[in-house]
Amino acid sequence: MIFELLGVPPQALFGQLLLGLINGAFYALLSLGLAVIFGLMNVINFTHGAQYMMGAFASWMLLQYFGVPYWGALVLAPLIIGLTGIIIERVFISRLYHLDHLYGLLLTFGLALIIEGLFRQQFGSSGLPYTNPLPGGTNLGFMFLPWYRGWVVVFSLVVCLATWFMIEKTKLGAYLRAATERPDLVQAFGINVPRMITLTYGFGVALAAIAGVLAAPIYSVNPLMGSNLIIVVFAVVVIGGMGSILGAIITGFGLGLIEGLTKVFYPEASSTVIFVIMAIVLMIRPQGLFGTPK
Amino acid sequence: MSGTKSKDMLIFAVLMAVMLVAPFAVYPVFLMKVLCFALFALAFNLLIGYAGLLSFGHAMFFGFAAYISGHTVKVMGFTPELGILAGVACAAVMGLVTGFIAIRRQGIYFAMVTLALSQMVFFFCVQAKFTGGEDGIQAIPRRALFGIFDTANDLNFYYVVLAIFAVGFLIIYRTIHSPFGQVLKAIRENEQRAISLGYAVDRFKLIAFVLSASLAGLAGATKALVFQLASLTDVTWQMSGEVVLMTLVGGMGTVFGPIVGAAIIIWMQRGLAHLGEWVLVIQGIIFVITVLLFRRGIVGELIALGNRFSGKKADEAPAGHAHPAE
């Protein structure tokens, strides 16, 4: 009845909400990676969008060239892309830690341009299709739920919560959090902080690659898929503040939902709504919803 | 200080003298493009080089002012000077609003906020009617300047653009050497200290931001009339990245660096245009090399080299190691 009131058929509403939730899952995975990397390295990883795109391409190539199915790619692609992240950190980013953070941003921006340019050169700007590994779906009465979309939401939620658990509740996470606060002191306790930083960067990149693999069957695999997304994710990060892991997850999913709702009720604003929210949050709570004022 | 000032003015005079005769050797439209981007980079440099604020969204002022000048001249029949003024006014207002929002965060967040806001402007331009969507505003007429001076001719318009560039340069030069500019540098070096000295830091940042936005708008509004085209390209984040690259390559926080950087990048883009996507890759490589190997940029390195030769103590390096810490 409420749907008649709103003048929107429930199928359309829930369909958009689900799509919003999926986008939210990508926002959450990407902003989580950004937050983990920023926490330890004080670098905003502009290459993150390109690494998400590389994740999607890795799964496409694994299937196309080596016949590795989706489920294999879901494990292999993040490992491969995470490894390239480790190389990037060792070769380039590690040289900038003693400098202003802005240089890290500029360097990773340059790297993003290189990666994106190479993929565009190789694959063109039009998308490559990736077959849905979980075709079909089920009718829930109020909406049709495609299996794959449900899988994306559940799986990314599991990955996000596992990351949260690892960082907040395990010994390894305790080292990580300690090194975020006082790297020198943690180093003095005999923990190899530079190696930890390298692995953390690889881990953050792998999270982006997971998002990319998940996105491949939904959106076409496209060299440009990351660059527009990463700017939205920056806004998500500003809204949430990078202080809290759980905060990044909640903000990501929440904003995805809001974006989905906007698509139903005021589609003209759907591409800008997150930026508007960012502006409002900056006016009211500059440190972000979950950030701590400094 | 006055020594460097007179040296700067000498360099500027030589530059202007060269530019006065340059169109007889080089295609004027190319020179006008360089001048517009040089002004754009100078405006950007005012923020990063002297206030330590990295704006990753300056394309919004450049591109939106281009739309405004294109629209007012083509549809509303404005003369070029009025069209450009309208573009600048719009950029100034946008600068005031976005600056007010963005200065609430510092450092890296400032960069992300400006980038996000400019993406919002981009989406607005995609949807708005007057921008012409994917087509942009094409065939913007070059009306007579002040209603009398013919600008349809490229050579004539070149001198108008050169005059605009000179005015923009002198405004920026005057600003950075004024007491206001000194306060900006103090904020760049140590914001907490500037606050404790009683400066209304946010107000200084906002004024600098509005000034920079207006001048970026001046560059964009002029560029629209040069190419008789205002399009989405000028509002994209790639354009924001390009002006960062130009300034970085030329030398952040140097007086002439942005001009050198703009000239090099524009020249490179023209020379490599046939390579297609590789241009993007090459720009990325230049970014990486500059950040890793010569952060002071070309002019910054030359100044450092000159200082070493003359045995002077290394001058406080330009923004090279500014620390707008969060």
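## A walk through the two chains

Let us begin with Cys90(B), which touches Phe64(B), Ala65(B), Ile68(B) and Gly217(B), leaving aside residues up to four places away in sequence; touching, or being in contact, means that the C-beta atoms, placed from the backbone, lie within 7 Å. This is a predicted model, in which local features need pLDDT of at least 70 and side-chain atom pairs count only at pLDDT 80 or more, while totals for chains, interfaces and linings use all residues. Residues are numbered from 1 along each chain as its sequence is written, and chains are lettered from A and ligands numbered from 1 in the order in which they are written.

Cys90(B) sits in helix H4 (residues 80-102) of chain B; helices here are DSSP runs of H or I with at least four residues, numbered from the N terminus. Is Cys90(B) buried or exposed? Cys90(B) is buried, with 22 other C-beta atoms within 10 Å. The cut-offs are 20 or more such atoms for buried, 12 or fewer for exposed, and anything in between for partly exposed, with C-beta atoms placed from the backbone. Leu293(B) lies 203 residues from Cys90(B) in sequence and 39 Å away in space, C-alpha to C-alpha.

Helix H3 (residues 59-74) of chain B has 16 residues, and its end C-alpha atoms are 22 Å apart, in agreement with the 22 Å they should span at 1.5 Å a residue; the expected span is 1.5 Å times one less than the number of residues. Since 16 of the 16 residues of H3(B) are buried, this helix is largely enclosed by the rest of the structure.

H3(B) packs with helix H5 (residues 107-127) of chain B at an angle of about 25°, and their axes are 9 Å apart. Axes are lines fitted to C-alpha atoms, for helices over the stretch in contact, and angles run from 0 to 180 degrees between N-to-C directions. That makes H3(B) roughly parallel to H5(B), as angles under 35 degrees count as roughly parallel, over 145 as roughly antiparallel, 65 to 115 as roughly perpendicular and the rest as oblique. From H3(B), the contact uses Ala59(B), Met60(B), Phe64(B) and Tyr67(B), and from H5(B), Leu117(B), Ser118(B), Val121(B) and Cys125(B). By class, these residues are seven nonpolar, one polar and no charged; Ala, Val, Leu, Ile, Met, Phe, Trp, Tyr, Cys and Pro count as nonpolar, Asp, Glu, Lys and Arg as charged, and the others, Gly among them, as polar.

A second pair joins helix H2 (residues 28-50) of chain B and helix H6 (residues 154-176) of chain B, whose axes come within 9 Å and cross at roughly 15°. H2(B) is therefore roughly parallel to H6(B). Their contact has 19 nonpolar, two polar and one charged residues.

Two loops of chain B are also worth a visit. Ala139(B), in the loop between H5 and H6 of chain B, has a positive phi near 50° although it is a residue other than glycine, and Ala139(B) is exposed, with 8 other C-beta atoms within 10 Å. Gln228(B), in the loop between helix H9 (201-227) and helix H10 (237-250) of chain B, has a positive phi of about 55° and is partly exposed.

Finally, we turn to chain A. Helix H5 (residues 101-123) of chain A has 23 residues, and 18 of the 23 are buried, so H5(A) is largely enclosed by the rest of the structure. Just after H5(A), Gly124(A) takes a positive phi of about 75°.

Technical notes. Contact = placed C-beta atoms within 7 Å.
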